[in-house]
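Thanks for coming. I will take a few minutes to walk through one chain, so please have the picture in view.

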Amino acid sequence: MVKTIIKCAVAILCTVAICVTIFVCTGNNGADATPDYMTEAQAAEYLGISAERLEIMRKNLKYLEGAYVSYSYEVDGEVETVYMYSKQALNDTMAELMDEEGKKNINFKYIEQIIKEQNQ
């Protein structure tokens, strides 16, 4: 009986410690809920664009080089690829693209043209 009570108390203390650690480590009291690493869908939502447009920026235009890593795995004989974006690297890349004095710029006409071609 005493061992059961001790086990329950330890489990509760560990749960509280984990919750406090998560709360303290997230900082800003939840004001910035975007994680440090995001999937492609999360990164698109973070940037306020569709996942399709983000994919074109990554794949066709090569704008996001260095802001993501990819890994592949096989499921039922098919290869699945997942792209994970670093929030800080994505912010830095987008700031460079949006800089008025920068040599790069986002070619929205090309992105829309590719989307139209894919939908036909």
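First, a term: helices (H or I, at least four residues) and strands (E, at least two) are DSSP runs, numbered from the N terminus. This is a predicted model, in which local features need pLDDT of at least 70 and side-chain atom pairs count only at pLDDT 80 or more, while totals for chains, interfaces and linings use all residues. Residues are numbered from 1 along each chain as its sequence is written, and side-chain values use heavy atoms, with hydrogens and water left out.

Now the overall layout. The chain has five helices and three strands. Starting at the N terminus, their order is α-β-α-α-β-β-α-α. Of the 120 residues, 22% are buried; buried means under 20% relative accessible area, exposed over 50%, and partly exposed in between, with a 1.4 Å probe and protein chains only. Contact means heavy atoms within 4.5 Å. Among contacts with a separation of 6 or more, 54% are between residues 24 or more positions apart.

Next, salt bridges. A salt bridge is a side-chain nitrogen of Lys or Arg within 4 Å of a carboxyl oxygen of Asp or Glu. How many salt bridges does this rule give? The count is three.

Take Glu 40 and Arg 58, whose closest N and O atoms are 2.8 Å apart. This pair links distant parts of the chain, with Glu 40 in helix α2 and Arg 58 in helix α3, 18 residues apart. Both Glu 40 and Arg 58 are buried.

Then there is Arg 53 with Glu 112, at 3.0 Å between the closest N and O atoms. Here Arg 53 sits in helix α3 and Glu 112 in helix α5, 59 residues apart. Arg 53 is partly exposed at 27% relative accessible area, and Glu 112 is partly exposed at 31%.

Lys 59 and Glu 55 also form a salt bridge, 3.5 Å from N to O. Both lie in helix α3, four residues apart, which is about one turn of the helix. Lys 59 is partly exposed, because its relative accessibility is 47%.

Staying with α3, its buried residues are Leu 54, Ile 56, Met 57 and Arg 58. They pack against α2, β2, β3, α4 and α5 (108–119).

In the loop between α3 and β2 we find Leu 61. Is Leu 61 buried or exposed? It counts as buried, because its relative accessibility is 18%. Leaving out residues up to four places away in sequence, Leu 61 touches Ile 56, Asn 107, Tyr 110 and Ile 111. Leu 61 and Tyr 110 are 49 residues apart along the chain, yet their C-alpha atoms are separated by 9.0 Å.

On to α4, residues 87–98. Its buried residues are Lys 87, Ala 89, Leu 90, Thr 93, Met 94 and Leu 97. They lie on the same side of α4, because they cover an arc of only 160 degrees around the axis; the arc is that of the directions from the helix axis to the C-beta atoms. Their cover includes β1 (37–39), α2 (40–47), α3 (51–59) and β3 (78–86).

One of these residues, Thr 93, has a relative accessible area of 14%. Beyond its neighbours within four places in sequence, Thr 93 is in contact with Tyr 63, Leu 64 and Ala 67.

That is where I will stop.
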